[in-house]
Structure formats: structure tokens, C-alpha cells
Protein chains: 2
Amino acid sequence: MKPMSNKEGFVLRLEDFLPYRLVVAASLVSQATARTYSTKYGIGIAEWRVIAQLGEFGTMTAKQIGERSHMHKTKVSRAVATLTRKKMLAKRANRDDKREAFLSLSPVGLEVYESIAPAAQALSQRMFGEVSSEDRDAFERVLNTVTARAAALADTSAELPD
Amino acid sequence: MKPMSNKEGFVLRLEDFLPYRLVVAASLVSQATARTYSTKYGIGIAEWRVIAQLGEFGTMTAKQIGERSHMHKTKVSRAVATLTRKKMLAKRANRDDKREAFLSLSPVGLEVYESIAPAAQALSQRMFGEVSSEDRDAFERVLNTVTARAAALADTSAELPD
DNA sequence: TGACATTGGTTTCATTTGTAACTACTTTGC
DNA sequence: GCAAAGTAGTTACAAATGAAACCAATGTCA
């Protein structure tokens, strides 16, 4: 099964194709990470992200959570709903704007956060721990620029010629 | 909205948390890339991956495609089905093992490949083009180790203590 | 003030996805 | 040669997902 060089000539070597490799890596990382919390607390990726945001920032509206975590608002909405059902969230109405509500972790939610966060950190260590700090810095730099670029490209819904 | 340092003390700074950033970047890249083919040829990510594999390697079984592209076999199966419906694939039975079949691109499929592949390449250039080659090398190194590590962790379905 | 657009958030609906069960075929061990 | 186990691929079913419609509240602007 060697790369074929077909008549027309253009062959994309997926192994060398960074977007592809990035996506594959991310999906594996995501899968591996999910096991940390999904099994233990019966919550999914979206739920964990909400908890993580609130664990870090204390109090946010659903909108803010969505923005910071790059999650679709329906996803946030549903994650908040299930977390509320599980008593992991505290919801406080905003007197000045009754459309939104301030969300934060309930004691139970905080417990979960305090239990999962270190585990996630440890897992990250196992995955990224052995790369040199120079490589890690470079990695972060690339992630930064790529994220920015891709976000710009992904946003332009109509502004692209086809 | 500044990071809170809650009582228990452990705070996970998501902005610095590599698995998280990796996943976010990948999802944006994936979104941006999808636009290249989804609109133009009415095919999805899975379909494109199948085409890309066949474009690169010529002939493969569904199993091989799944392995190389890290796709679930049902996903491959369905992608192959829709591509077949679109006359983009050629299927040849394997006389020695009637369970599997050899897949390759039909002329139409090859056309699609030859049209999408350079576009994907160009898009990749727009996203990764401006990073230095040293950074890119480092990036690849990290992707390699992380992919390996994560794959190992993700595989162990039952072998983890909880 | 009051129409109209906008926004935070939820719900509905169709599509996508993965798990598990299943079919057809092949391999293994006796 | 044959029963049992395993494998490639499909299908049925349930859960996750996103687009679009929707609701209630807010902002805008005449």
C-alpha cells in the first residue's frame, strides 16, 4: 500500500497534512480525557467544560460560557440543564436583565470540579509531560496562530468566493 | 471575570491547558476545512477522508481505511455507501475473502479528489503557512508523541483503575 | 410611547454519531 | 470435516448534535 502518484499528479500525503493530524490527535486526546469524568461522574464533555469554566471563573452567564469554550449555545443550554438536574449548579437571576442568569458551581459541583481538575491535569501530564519545554512553547505558538486563522476562516460564512 | 482561586485551591487554567486548546483548535480547523468540500460537492468530513485515503493509496478495504483514518467502522461503512451512491467509488470483490471488498476511486471520485486536494492544501497553507519551519517541526513532534500517548490511553478500555 | 430589531436562552426537528446486535464469511482446533 | 471463535461490513436503535424556529426580555429610534 504505497502512495500512488496518479495521472493527474496531485497527491495529498495525509501523514504530512497538518490539519488532518491535528484533528486526529485532538479526537484521541478528547476520547482519552473523556474517560476521566464520564465514567466517574456520569457527565459528558460539554458538562465538564461548563464545570471547568465555572470552576475557573466563578460566575458566568450561559452566553459567556459558550463564548469562552467555543460551544454552541444549544449545547451549553443542554449541559446547564443536565448539570442543574444533577444539583451541580447554582442559578441566580439577573435582576437587571431577566433574560440571562448567573451560573456558578453548587457545593456538589465544586466537589466534582475539585476532583476532576487534578485528574485532568495529571492526564495532561501523561500526554504532554515528556515533550521538551521548547517544543511545548513552539506547540503553543502554533496553536495560537492556527486557532486565530481557523476561527477567522470558519467565521466567514458568506464572505468567501467559491 | 478574573480567575477565582477557590477555597480548595486547585484551579485549572483552561487557557493554558493543552488538551483543551488542542481540541478547540482542531474543531475550528475542522470546521474551516469542511467548508472546502461540503458545499462544493455535497460530501461530509467522513466522505472526504475516505476519498483522501483512496486518492493517496489507490486501493484499500473499508477496514484499512478505518484504521488509517482513525474512523469508526460504521462511519466508514456509511461514508462508503453514500460515495457509492454518488458514483465516486469503484468496488471490486475480493475473490479470496468474500467478506471484504477492494475500494478505489471511480473516475468521478478521482476528479473530486483532484479538485479538493489542492484546495485543502491551499487552505492548510493559509492556516499554517506563516509559522516558522522550526515551530512547525516542533509542532509535528509534539503531535506525534501526543497522538501515540493518547491512543494508548484511549485504547485501554477496561485496563484502567478507577 | 410604541413599533421593530436584537439578544439570551430553550425547544423542535432532522441529521449524525456510536453501541450493540446481526449477517455472511473465514479461521482455528480438534 | 466440523463446531466454535473470530472478522469485515451492515443495520437497528438510542443518544448527541446543529440549524432554525421560537419565547421572553431588552434596546433602538422615531
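Visitor: Which residues come nearest to DNA strand C?

Guide: A residue is near a strand if one of its heavy atoms lies within 4 Å of it. Here 18 residues are around DNA strand C, and K63(A), K73(A), S77(A), R99(A) and R78(B) come nearest. Of the atoms of DNA strand C that come within 4 Å of the protein, 58% belong to sugar and phosphate.

This is a predicted model, in which local features need pLDDT of at least 70 and side-chain atom pairs count only at pLDDT 80 or more, while totals for chains, interfaces and linings use all residues. Residues are numbered from 1 along each chain as its sequence is written, chains are lettered from A and ligands numbered from 1 in the order in which they are written, and side-chain values use heavy atoms, with hydrogens and water left out.

Visitor: Which classes of residue make up the surface near DNA strand C?

Guide: Ala, Val, Leu, Ile, Met, Phe, Trp, Tyr, Cys and Pro count as nonpolar, Asp, Glu, Lys and Arg as charged, and the others, Gly among them, as polar. By that division, the surface near DNA strand C has 11 charged, five polar and two nonpolar residues.

Visitor: Which element gives the most to that surface near DNA strand C?

Guide: Helices (H or I, at least four residues) and strands (E, at least two) are DSSP runs, numbered from the N terminus. With four residues, α4(A) gives the most, and at least two residues each come from α3 (62–69) and α4 (73–85) of chain A and from α4 (73–85) of chain B.

Visitor: In what order do the three strands of the open sheet in chain B stand?

Guide: Two strands pair if DSSP finds at least two bridges between them. The order in chain B is β1-β3-β2, with antiparallel pairing. Because β1 (59–60) and β2 (89–93) stand at the edges with a single partner strand each, one side of each is left without a neighbour in the sheet. Five bridges join β2(B) to β3 (residues 101–105) of chain B, and K91(B) stands opposite L103(B).
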